[in-house]
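Open the model in your viewer and keep the selection tool at hand. The tour goes stop by stop.

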Amino acid sequence: MARGKIQIKRIENQTNRQVTYSKRRNGLFKKAHELTVLCDARVSIIMFSSSNKLHEFISPNTTTKEILDLYQTVSDVDVWNAHYERMQETKRKLLETNRNLRTQIKQRLGECLDEFDIQELCSLEEEMENTFKLVRERKFKSLGNQIETTKKKNKSQQDIQKNLIHELELRAEDPHYGLVDNGGDYDSVLGYQLRFHQNHHHHYPNHALHEASASDIITFHLLE
């Protein structure tokens, strides 16, 4: 049965359009490969799908740039000139921007001010004062945050100290323990030792009393 003639127009269905593109692209690349092998031709094909996806075929032992260079030599068309000019224009703008920024930096350091009139100097001074104001505000905010952090740390240390003092006082009230002043400060709770009362030795066997006699003082190291 003969195949019906396909009307050449845009395929509306996106899925069918993509399938047709893929099949015909592969067929085109196959024909380009056959031309390369059978006729020793140099072929380059560059394709972009509707989604801007690149597909490319290039004959073996050559590059796309070589094909374009050969094209501009044969056709007397400068393919790269327009692109080169755009690059040069971009470079010129970047250099100009760089020079302006360097000049502004020097002006804010008190240099390159000879060409400024009084109005421009006043404007620059006002701009720098506003900048200084922002820097000071940021500095004070940073200092305030550091002070608050330090206060919180001190509060935490004070709470730890109060808890240790409270625990020490509870132990002092226990008849099994006593406080021995070792020259420390009560507020810092440093230098205090807890002595186990020897009047409770009767709770231990005689040999245990002998072994514990050299270590009946227990020292607790407390944080300030």
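Contact here means heavy atoms within 4.5 Å. This is a predicted model, where local features need pLDDT of at least 70, side-chain atom pairs count only at pLDDT 80 or more, and totals for chains, interfaces and linings use all residues. Residues are numbered from 1 along each chain as its sequence is written, and side-chain values use heavy atoms, with hydrogens and water left out.

**Stop 1: glutamine 107.** Select glutamine 107 in helix H3, residues 81-108. Helices (H or I, at least four residues) and strands (E, at least two) are DSSP runs, numbered from the N terminus. Now show what glutamine 107 touches: Cys112, Leu113, Phe116 and Leu124, with residues up to four places away in sequence not counted. Is glutamine 107 buried or exposed? Glutamine 107 counts as buried because its relative accessibility is 12%. Buried means under 20% relative accessible area, exposed over 50%, partly exposed in between (1.4 Å probe, protein chains only).

**Stop 2: the largest nonpolar core.** Select Tyr21, Phe29, Ala32, Val43, Ile45, Met47 and Phe57, the 7 residues of this core. Helix H1 (14-39) and strand S1 (44-48) each supply at least two of its residues. H1 gives the largest share, 3 residues. A nonpolar core is a set of buried Ala, Val, Leu, Ile, Met, Phe, Trp, Tyr and Cys residues joined through side-chain atoms within 4.5 Å.

**Stop 3: tyrosine 21.** Stay on tyrosine 21. Leaving aside neighbours within four places in sequence, tyrosine 21 is in contact with Met47, Phe48, Ser49 and His55.
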